[in-house]
Amino acid sequence: MKSGLSLNMAIFRFLTIVFMLYFSPEIAQGSQFSSSIETTEKSKLQTYIVHVKQLERSTTAQQENLESWHRSFLPVATATSDNQERLVYSYKNVISGFAARLTEEEVRAMENKDGFISASPEKMLPLLTTHSPDFLGLHQEMGFWKESNFGKGVIIGVLDSGVLPSHPSFSGEGIPPPPAKWKGSCEFMASECNNKLIGARSFNVGAKATKGVTAEPPLDDDGHGTHTASTAAGAFVKNADVLGNAKGTAVGMAPYAHLAIYKVCFGPDCPESDVIAGLDAAVEDGVDVISISLGDPAVPFFQDNIAVGSFAAMQKGIFVSCSAGNSGPFNTTLSNEAPWILTVGASSIDRTIKAAAKLGNGEQFDGETLFQPSDFPATQLPLVYAGMNGKPESAVCGEGSLKNIDVKGKVVIDKGTEVKNAGGAAMILVNQESDGFSTLADAHVLPATHVSYAAGLKIKAYINSTATPTAAILFKGTVIGNPLSPAITSFSSRGPSFASPGILKPDIIGPGVSILAAWPFPLDNNINSKSTFNIISGTSMSCPHLSGIAALLKSSHPDWSPAAIKSAIMTTADLLNVGGKPIVDERLLPADIFATGAGLVYDIEPDDYIPYLCGLGYTDTEVGILAHRSIKCSEESSIPEGELNYPSFSVALGPPQTFTRTVTNVGEAYSSYTVTVIVPQGVDVSVNPDKLYFSKVNQKLTYSVTFSHNSSSGKSSKFAQGYLKWVSGKHSVGSPISIMFK
C-alpha cells in the first residue's frame, strides 16, 4: 500500500513537471490576466456610503460648508478633473457622511484622512384596504379613530416607489392645510398636490449612477408606493373593489393625516444612497412618522444605514415604522430590527376571496384567488400534475415544466404563464411544505385557486388513485368572518433578532395578507377609471397599517415620544384571534413570540440607548455613528440588552436573571395596577412590587422581574413563552416574555 502511494506520488510529480514545461507561458499569461482583472476591479467606480466625523454646526456658515467638508474627502483628481460628478449626496440630518462614486483604491486612500470613519459599497434594498380598518377595530363614527381626529395634523413620510397623485385616495377634500412646520415641496404640477398629498420628491441620483435611470418625477410606475401610501393615510373612497371582489369603502388608517412621498425605488430594488437621501429629506421637511416598506437582512446596527438614519429621526421626535421582511417562516430572518424602530410582521385579516378545487371523487378544498371569472364553467375537467413525470423542475413549476405534457383544456397543478402558454384551462396552486396553510388572493392569469400544502397532498394522492382524475374550480367570492384570523402568514420574517437577541422582535404584527389599497393601473384594462385598486401581500402592506396607527396616536398625544407611541401600540395589542383563541401561524399551531411580538407606557429617551449600544460590545466609533456624536463607552454605564426599558422581555436563561422596567402613567391620575403573569413553561417568574399605585399623570414607577429555571418541570424545548400584564379597573398593559434556555 505504501509503495503504491509512493509510485503514484512520483507519477504525479513527473506529470506536474511535464505540465509546467509545456504550459508555463500560458500559466504566466493567465496570471497576468488574473492580475489585470483584479486591477480593473479595484479601479472600477461604484457608489460608497461614507461615514465621517461630524462638522461642528454652531454657525450657519459652518452648516453651509458641510458639502465642502464632504468633498474634502474625495481624491483631488476626482473632484476637479473627472467629467462625472463623484459626490452623489451630501447628507445633512440622518448620517454624518455622504455618498460618492469611488474606486476601491480611492477609498483606501481616503481612510488615511482625518475625520474618516468608515466606507462601504451601497446595497440594493428590496421592496419587501376596504376591510382592514374594521378588522383593527377602527369605526368611522365611534371610538379611537374618531377621537384621534383620523390623524388630523400629522405628516406621514412614505419612502417607496412614488405615488399616483390623481388617485381619489389622495384627494385633499375636507383636510386642513399642513402645519406651519412643513418645509417640503411638490415635484408634480402644483395642482396635483393638495392638503392630503402635501409633498412629493424623487431621489434617483444613486439609481442613475448604478442603474442608468433618467431623472423623473415621483410618479409611481410600479404600484407598490401608491398601495403603501394609501394604506397608511388614504382618504375615504366609496365603491372600491378589485375585479368585482372585496367591495366596500377603501380608506387608510389615518385618513385625515397628510402624506409626503419620497420616491427612492426605481424597479424592485432601492439604491441605499437614494433611501438615505429620502430619509434625510423627510427629517428636514418636518414629517412626524416615517414609513419604510423595504429592507435588507440584518447586520450590526452601525452597519445598517436605515438603523443609523432612523436613530437620527427618533432623536428629533419622529416615529419610524418598518417592514420585518418576507423571509419567513424561518427564525432569525428579520430586517429593520433596531429597538428604536417599530418592526412589523404580517398577518391575515378575516376576509378571504374564496375559490374551491372540487375533485372528481367529490372532495372539495377551499383556496383563494382574486380572478374569479363569472363565465368559467363549474364543470369537471381533466386534471394533470406536471410533477408526476419525476423531473424536479416540473415539481416546482420551472420554465418548460409542461413541455411534452398535454394540458390543453385541463386543470393543471402548476402556476402562471407556463400553464397559459401551454393551453391549460385552469390552475391549482399548491403550497410548499414551509408555507403550510398560508394562502393568498392574487390576480392570476387564468382561473385558479391557491390551496394549502395539506390540500395539495390530498389532491396529488387523488391523481395517483385514478386513471382519469378530474377537477373543477368553484368561485365563492368575498367571505368575511374567518375565526382563525389574524394568523401569522408563512412569509413573515421571524426573530430572534440577529443584531440584538436580547430585544424581542418583531414588535407587532399587522394586516399584510391580501390587502386592498390604491393602485395606479387598472387590472381589467378599463382605462377610463381613476379609482383603481389592487390586492397584494407582504410585510410591505403591514408596515403602513402601523404607520397610520402611530399617526393616530401622535394626533391624540402630540407630546408623546416615539418610544411612548411604540409602547402604547405594543402593550395593547391583541393576543387572541377573532375566535377568542391564541393567534396561529401557517401550520395552524399557536404562533410563537418570534412571529407575533409585544396603557402605562415604557418610555425610552434617545440617550437611554447609548448604555445599551455600549453593552452590545460596540466600539466608541461604532456607537458614535449611531448617536451622531462622540461617545466614550468607558464613561457610560453600559447595560445588558435586557435592561433597556423595552415593553417586552427576551431572556437567555441559565442562572437566574433580574430585569428592571420603568412605566409612566398616561391614564388617570389616581390609579392602581396589579400584575398577572402567564408563566413560561419551565420557568419561575417573580415581580416586585406586584402592585403599582399612581397619584398623578406622567408619574414614573419602577418594578423588577426575576426569571429562574424551574428544574422540577423539566425542559421540554429550546424556547418557552409567557406574558406579563399590569391590569387596572380600566386598562390592561401587556408585555410578552420569550425564554431561550441555555
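Predicted model: local features only at pLDDT ≥ 70, side-chain atom pairs only at ≥ 80, totals over all residues.
Reader: Which residues have the most contacts inside the largest nonpolar core?

Author: In soluble globular proteins, nonpolar side chains tend to be buried together. Here the largest nonpolar core has 98 residues, and those with the most contacts inside it are Ile156, Ile290, Leu294, Trp340 and Ile569. A second, separate core of 24 residues includes Leu600, Tyr602, Val687 and Tyr703.

Reader: Why does Ser555 count as buried?

Author: Ser555, which lies in helix α15 (residues 539-556), counts as buried because its relative accessibility is 18%, and buried means under 20%. A polar atom of the Ser555 side chain lies 3.1 Å from the backbone oxygen of Lys152.

Reader: In what order do the strands of the open sheet of five strands run?

Author: Strands of a sheet pair through backbone hydrogen bonds, either parallel or antiparallel. In this open sheet the order is β25-β32-β31-β27-β29, with mixed pairing, and the edge strands, β25 (649-653) and β29 (691-694), each pair on one side only. Within the sheet, β27 (residues 671-678) and β31 (residues 719-727) pair in the antiparallel sense over five bridges, and Val675 has Trp726 in β31 as its bridge partner.

Reader: Which helix packs on the sheet?

Author: Helix α16 (residues 562-571) does, touching β31 and β32 (732-741), and the direction of the helix makes about 85° with that of β32.

Key. Residues numbered from 1 in each chain as written. Heavy atoms only, no water. Helix = DSSP H or I, 4+ residues; strand = E, 2+ residues; numbered from the N terminus. Buried < 20%, exposed > 50% of the residue type's maximum accessible area, 1.4 Å probe, protein only. Polar contact = N/O pair within 3.5 Å; in protein donor to acceptor, adjacent residues only side chain to side chain. Core = buried A, V, L, I, M, F, W, Y, C linked by side-chain atoms within 4.5 Å. Pairing = 2+ DSSP bridges. Contact = heavy atoms within 4.5 Å. Axes fitted to C-alpha atoms, helices over the stretch in contact; angles between N-to-C directions.
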